[in-house]
Amino acid sequence: MEKPHIAVVPSAGFTHLVPILEFSKRLLSLHPRFQVTCLIPSVGSSLSTSSQSYLQTLPPTIHPILLPPVSKEHVQAEQSLAVQIELSVTHSLPHIKQELSSLCSRARVVALVVDVFAHDALQFATEFNLLSYIYLPQAALILSWYLYSQELDEILFSENRDPEESIEIPGFVPMHSRDLPFQSRSSPGYRKFLERAEKFHLPDGVFVNSFHEMEASTINALRDEIRQKKRKTVVYPVGPITQSGFNGRENGSECLNWLDEQEPESVLYVSFGSGGTLSQDQLNELAFGLEQSGKKFLWVLRPPNNIASASYLGGEADDPMRFLPRGFLERTSKKQGLVVPLWAPQVQILGHSSTGGFVCHCGWNSVLESVTNGVPVIAWPLFAEQSMNAVILSDALKVAVRPKANDSRLVEREEIARVARELMDGKEGIEIRKRMKSLSIAAENAIKEDGPSTKTLAEVVATWK
Ligand code: UDP
């Protein structure tokens, strides 16, 4: 007899596709009596190279269905990346409905799991009589922020508020409001953010890619809040779920061979995620800062852009090497550092014994990959909720240092050299490294057979009849 299906809907972009599929893989490895059908929206002419390569690595029990791509013109008018990603799903709704209808007519489907930006697809759960879940590939703090957004709106934007006063999201350390993604009610995407926050009350539960030891007080406060307000949302921390590493693109062996020749924990890995970019000025400062630090580095370089999220949904044809300061490569090449264009096998790099630190944009997947490998972080957030993740690492867990930017928001070369030396050799760096190592042990325990995240997932699956 055919196994019952779980229908899964990601949203556009590598890091809204891979996490929900990694979740699906974990689900099936623990509970092989199910199979997954994944309905994949995208923007533009086709999926990115990295997403395509990733799909080729899926096991046969996960069946991907590529929906017709949404044209770029339909999403590009939006200033907010989150809303662009969300629109990839909104414009795909007729196809999602059609595929779900066809699936339900030929197979037994028990649950619908959608990415946080694919919440529009939740409407089909009632229609097809499915249990429904949001998969939040982010921190529990982000869920807390969504659920607390109405109260926060009143606090943040009240007339008499002192902008220097810190804000407190329940269960979390006091935080400066500049670390929130929205600085005013008219910020691009803010209204949509508030609307999205309401959607968390629709599904039967929310899976969060985090674990108790990493965000204990936030998770406890979230559960108290939900109980007190008699909300329906059930929170399920099921992480850390990270990709096991796949040969995304070129550069793989060059990076790993170079790392093989370095001393243990001597190399700073520098990367800003699947699409983060720096301005030309910032790129120059980073180059000089790394050089000045005297530390070994492995830098994944992308062409500069003044909009940090510009490459997220694709578009990276330029050769990035020509944007480096003159003479930089000649002075540093191989001896001090290796610069690779566009993409590197991050998971393998973070797992390599020569990697001793990570200059990280604090995308949540990168954060979890660093945590599971016990690699301490220089937190350099760029866009979306990355600053909040940086606060989790630097202030709450104290496993990261955070460089200071000047008044023009530029992190200067001296500051970069300072934090690089501090993390790799300094007194504070030693303590940070110790804390990160013990967090990585907690991460490993969370997903062991009897670990809390494994048990939580089993409890949910037990209700899928
Ligand atoms: N990644 C990679 N090689 C790169 C850049 C990114 O393998 O050169 C992977 C990385 O391992 C992570 C994901 O892309 O799994 C980036 O996700 P994250 O949430 O950190 O950031 P985002 O891309 O959403 O900004």
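The ligand is surrounded by 18 residues, and T15, G273, S274, G363 and S366 are the closest; a residue counts as near a molecule or strand if its C-beta atom, placed from the backbone, lies within 6 Å of it. Keep in mind that this is a predicted model, where local features need pLDDT of at least 70, side-chain atom pairs count only at pLDDT 80 or more, and totals for chains, interfaces and linings use all residues. Residue numbers start from 1 along each chain as its sequence is written.

**Around the ligand**
- Sorted by class, the shell has 12 polar, 5 nonpolar and 1 charged residues; here Ala, Val, Leu, Ile, Met, Phe, Trp, Tyr, Cys and Pro are nonpolar, Asp, Glu, Lys and Arg are charged, and the others, Gly among them, are polar.
- Helices α14 (346–350) and α15 (364–372) each put at least two residues into that shell, with helices (H or I, at least four residues) and strands (E, at least two) being DSSP runs numbered from the N terminus.
- The most comes from α15, which gives 4 residues.

**Strand β11 and its partners**
- All 6 of the 6 residues in β11 (residues 355–360) are buried, so the strand is largely enclosed by the rest of the structure; buried means 20 or more other C-beta atoms within 10 Å of the residue's own, with C-beta atoms placed from the backbone.
- β11 pairs with β8 (residues 267–271) in the parallel sense over 5 bridges, pairing being at least two DSSP bridges between two strands.
- In that pairing, V267 sits opposite T355 of β11.
- β12 (residues 377–379) runs parallel to β11 and is joined to it by 3 bridges, with V359 opposite I378 in β12.

- Together, β11, α15 and β12 form a right-handed β-α-β unit: with the strands pointing away from the viewer, the path from the first strand over the helix to the second runs clockwise.

Technical notes. Buried ≥ 20, exposed ≤ 12 C-beta atoms within 10 Å, placed from the backbone.
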